[in-house]
Amino acid sequence: MDATTEFLSDCACRLAYEGLSPEAVHQVKRTLIDTLGCGAGAFDGEPAAIARRMASRVNGDPPARILGTRQRTSMDLAAFANTALVRYLDCNDTYAARGTGHPSDMIPAVLATADGRGAGGRDVIAAIAAAYEAFCRLADKVPLKGWDQGIFVAVGAACGAGKILGLDRAAMGHAISIAITSGVPLGVTRIGELSMWKGCATAAAVRTAVFAAGLAAEGMTGPGAPFEGRDGLWQQLALEAPKWERFGGGDESFRITDTSFKAYPSVVHTQGPIGLVLEIRNQIPVAQIESIRVATYAEAVRRTAAEAEKWDPATRETADHSTPFLVAAALQDGEVTPATFAHARIKDPALRPLMKKLTVVEDREFTRRYPGESCTRVEVTTTDGRQVAAETRHPKGHYRNPLTDGEVEWKFRGLASTALGAQGCGRVFAEVASLDRASTLDALFESLVISRG
């Protein structure tokens, strides 16, 4: 295998629960709560329902459960359906480096494989940490350049699922190779008017990763140089082979502790503008607003305001990637929640005049400081010439301005309580808190069953 595959497989196989820091274990649990809250809150979303219908038609051997139900399917389809569920609200975690993405998209790969194999909680915690290490170390080195974050998801999920399956270094290398050569989505997924597939592209990469790990466990081999060989990933990205450092452990922190949570159900680049607008809103009546100027970094402009569709969104997926829509909704409603993205609200003509008062521009200094800082400045001018401004370097939820444990719980309950109820939310919390003492995931999956009776 090539040097990158060998590095990833060796590190993933060596990482064990006993080698994790207390901070890493705690962050795995926080992230799992955040992820499951996003999934429970999205249970009635159309993409999740489509994925459940597809998955329920297949019997698995061994079977794995579909979150929120007692239905069982194959491990790879459970991973797909559950990732589609987790992604729908666009409220799960993020990691920003040379490449960006949502590493918690990989958690359903670990859960599905662990459910199918009857793995215990400590194995699950270690597998999630290993998946994050692979995802984030790749994102540190690799700009996406027209490809989607599934590059990182496919590799990380293969590492996580492979750990649950007990793959040795050679088999792990084959799982990574199969996943990366067959599971990489195109960046066009997130361009223009966004479709349901925006929240499912990484689910497809996750499914591929679980399938790849299962194939490798049965003895399937993959290309020996998927990264560094001719026509491999580095050549496709026009990238020199990166130099790799070790994974977390010892005096090296685990990358999961550098991930950020979202305070609002929208793309990470809009967290700053939303928070600032909600801060300013209390100082200026909406009716007195003459203009709004949002200055931010180049990637935020490109992703959330550079296309015509972001100024007149037609789908939920476009709206949660639109700075103009989100700023206008936050000003009008005083909040941004899943209810913000009801179809009638997205198309509400009352929002369009306010959106037209916005300008979204790049600040080159903010671009220089990204991704270490996610700088945004919002300036509002009133009809009588008064100006009010607010600025942030680290929006709430950024790993340098993290949600407290209490805020993570508040977010979870806000997203999940309608589906699970207060007692149900408490059960999920208890199961995650004691995950490192659980012999299987049975009780956790049962706590997540949503009753519609």
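A pocket here is an open set of grid points with protein on both sides within 12 Å along at least five of seven lines. The views below come from a predicted model.

**View 1. The largest pocket of the predicted model.** Its volume is about 450 Å³. It is lined by 28 residues, and those closest to its centre are Thr-100, Leu-144, Glu-299, Arg-302 and Arg-303. The lining divides into nine nonpolar, 10 polar and nine charged residues.

**View 2. Helix H12 and strand E4 at the largest pocket.** Strand E4 (100-101) and helix H12 (298-304) each supply at least two residues of the lining. The largest share comes from H12, with three residues.

**View 3. The largest cavity.** The model holds two cavities of 30 Å³ or more. The largest cavity contains about 70 Å³ of space. Its lining is made by Leu-36, Gly-39, Ala-40, Leu-67, Gly-68, Leu-85, Leu-420, Leu-448 and Ile-450. Helix H2 (residues 22-41) gives the most to this lining, with three residues. Seven lining residues are nonpolar, two are polar and none is charged.

**View 4. The second largest cavity.** This cavity has a volume of about 50 Å³. Pro-47, Ala-84, Arg-87, Tyr-88, Met-196, Lys-198, Gly-199, Cys-200 and Glu-317 line the second largest cavity. Here the lining divides into five nonpolar residues, one polar and three charged.

Technical notes:
Residues numbered from 1 in each chain as written. Predicted model: local features only at pLDDT ≥ 70, side-chain atom pairs only at ≥ 80, totals over all residues. Heavy atoms only, no water. 1 Å grid on protein atoms, 1.4 Å probe; cavity = no way out; pocket = protein on both sides within 12 Å on 5 of 7 lines; lining within 4 Å. Points joined across faces, edges and corners; volume = space filled by probe spheres on them. Helix = DSSP H or I, 4+ residues; strand = E, 2+ residues; numbered from the N terminus. Nonpolar A, V, L, I, M, F, W, Y, C, P; charged D, E, K, R; others polar.
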